[in-house]
Amino acid sequence: MFDRLRKALATRTPAGTNVTERPRKRPHNLFEAAATYVSASVEDDEDRLAEAATWVSPEALTFGINELACRAVVALARERGESPQVVARTLLGLPAAT
């Protein structure tokens with residue numbers, strides 16, 4: 001009986017009304033924001049682009065995009081058996097480095 005009373009009192013606000021607990025949303029991290037931002041950019045999805053830009057600070061988003069680019073270049077370089085420099089220059093349409 002006391003347990004029920006304690007629980008009932010613990011879920012009341014100072015005004016005496018019951019509090020409905022909502023499941024808490026997990027905040028987006030900078031890598032989720034970067035992945036969504038970049039994929040939305042590729043797909044020309046302005047709404048998702050704008051939404052992802054609000055998930056983290058501009059600095060964190062920039063860091064996440066940079067990290068995504070580095071990982072993508074490394075993965076492509078391994079897949080192609082080329083150096084990351086060759087892959088990066090090819091992706092950007094630059095001539096081979098001399």
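This tour moves through a predicted model, one selection at a time.

**The whole chain**

Begin with the protein chain in cartoon view. Five helices and zero strands are present, and from the N terminus on the elements run α-α-α-α-α. Switch to a surface view: the accessible surface of the protein chain comes to about 8,200 Å². Carbon and sulfur atoms hold 58% of that surface. Of the 98 residues in the chain, 13% are buried. Among contacts in the chain with a separation of 6 or more, 35% join residues 24 or more positions apart.

**Helix H2 and Thr 36**

Select helix H2, residues 30–42, and within helix H2 pick Thr 36. Is Thr 36 buried or exposed? Its relative accessibility is 18%, so Thr 36 counts as buried, the cut-off being under 20%. Show what surrounds this residue: beyond the residues up to four places away in sequence, Thr 36 touches Arg 48, Ala 52 and Trp 55.

**The loop between H2 and H3**

Move on to Asp 44, in the loop between helices H2 and H3. The backbone deserves attention here: phi of Asp 44 is near 55°, a positive value in a residue other than glycine. Asp 44 has a relative accessible area of 63% and is therefore exposed, since the class requires over 50%.

Next, select Asp 44, Glu 46, Asp 47 and Glu 51 together; these residues form a negative surface patch. Glu 51 is placed in helix H3, residues 46–55. With a relative accessible area of 43%, Glu 51 is partly exposed.

**Salt bridges around Arg 48**

How many salt bridges does the model contain? The count comes to three. Two of the pairs can be displayed around Arg 48, the residue already seen touching Thr 36. Show the side chains of Arg 48 and Glu 43, which meet in a salt bridge at 3.3 Å, N to O.

Glu 43 is exposed, with a relative accessible area of 52%. Arg 48 counts as partly exposed at 28% relative accessibility, and Asp 45 counts as partly exposed at 25%.

**Helix H4**

Turn to helix H4, residues 58–80, and select Thr 62 within this helix. Thr 62 is exposed, its relative accessible area being 54%. A distance line drawn from the C-alpha of Thr 62 to the C-alpha of Ala 34 gives 7.8 Å, although the two residues are 28 residues apart in sequence.

Further along helix H4, display Glu 67 and Arg 71. A salt bridge joins Glu 67 to Arg 71, with the closest N and O atoms 3.0 Å apart. Both residues lie in helix H4, four residues apart, about one turn of the helix. Glu 67 counts as partly exposed at 23% relative accessibility, whereas Arg 71 is exposed with a relative accessible area of 51%.

Select helix H5, residues 84–91, and within helix H5 find Val 87. At what relative accessibility does Val 87 stand? The value is 0%, so Val 87 counts as buried. To see what Val 87 meets, hide the neighbours within four places in sequence; the contacts are then Val 73, Leu 76, Ala 77, Arg 80 and Glu 82. Ala 75 gives a further reference point: Val 87 and Ala 75 are 12 residues apart in sequence and 9.8 Å apart in space, C-alpha to C-alpha.

Leu 91 has its place in helix H5.

Definitions and conventions:
Residues numbered from 1 in each chain as written. Predicted model: local features only at pLDDT ≥ 70, side-chain atom pairs only at ≥ 80, totals over all residues. Heavy atoms only, no water. Patch = residues over 30% accessible without salt bridge, like charges linked within 9 Å, V, L, I, M, F, W, Y side chains within 5 Å. Areas by Shrake-Rupley, 256 points an atom, 1.4 Å probe, with all protein chains shown as cover. Salt bridge = Lys/Arg side-chain N within 4 Å of Asp/Glu carboxyl O. Lys, Arg positive; Asp, Glu negative; His and termini not counted. Charge placed at Lys NZ, Arg CZ, Asp CG, Glu CD. Helix = DSSP H or I, 4+ residues; strand = E, 2+ residues; numbered from the N terminus. Buried < 20%, exposed > 50% of the residue type's maximum accessible area, 1.4 Å probe, protein only. Contact = heavy atoms within 4.5 Å.
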